[in-house]
Amino acid sequence: VSTLSSGGDVAFKRSRDVTPCVYTVAAGDYIQLAYTVTKPEGEVVGSGEMRYPVGRALFVPGWDAALVGMCQGEERVCWIPGNLAHKSGSSLFLIPPETGFYSKLKVVKVLLTADGRDSIDLLQEENKKRDEL
């Protein structure tokens, strides 16, 4: 964990950087999220892809802290501490509630920003920025 950067109580490192980054994920955005969940012992216990509302702490509160500031296409490997993991009364891939775990998160696509821009608007901004390089 010492090689991970701190983002609040969530520690993370970039495993895939994105340049240029036209838009960084913010609370209130809806994204297409790919994830892998791994127990501290290294056993992968789940993975998938879902639409995810950033900033609502609906699934794993620690994911929100890790996702804010990421770019479309970026990947991060994160340590989610027990206090920011799923809460009692829920189960996540056979990991007990309030138990820390590792996640690999990828912002596949920003679907809708908090200020109302959709993926087509962001693609046009990205293309414009690339043309300027």
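The following stops concern a disulfide and then two further residues.

This is a predicted model, in which local features need pLDDT of at least 70, side-chain atom pairs count only at pLDDT 80 or more, and totals for chains, interfaces and linings use all residues. Residues are numbered from 1 along each chain as its sequence is written, and side-chain values use heavy atoms, with hydrogens and water left out.

**The disulfide**

Select C21 and C71, which form a disulfide with their sulfur atoms 1.7 Å apart; the term denotes a pair of cysteine sulfur atoms within 2.5 Å. A disulfide is a covalent bond between the sulfur atoms of two cysteines. A search of the whole structure finds one disulfide. C21 is located in the loop between strand 2 (10-16) and strand 3 (30-38), and C71 in the loop between helix 1 (61-67) and strand 5, so the bond ties together parts that are 50 residues apart in sequence. Helices (H or I, at least four residues) and strands (E, at least two) are DSSP runs, numbered from the N terminus.

Now view the bond itself: the torsion about S-S is about -105°, so this disulfide is left-handed.

Which of the terms buried, exposed or partly exposed applies to C21? Buried means under 20% relative accessible area, exposed over 50%, and partly exposed in between (1.4 Å probe, protein chains only). At 24%, C21 is partly exposed, whereas C71, at 6%, is buried.

**Two further residues**

Select C78 next; this residue is buried, with a relative accessible area of 0%.

Finally, select H86, in the loop between strand 5 (75-80) and strand 6 (101-112). H86 is buried at 2%.
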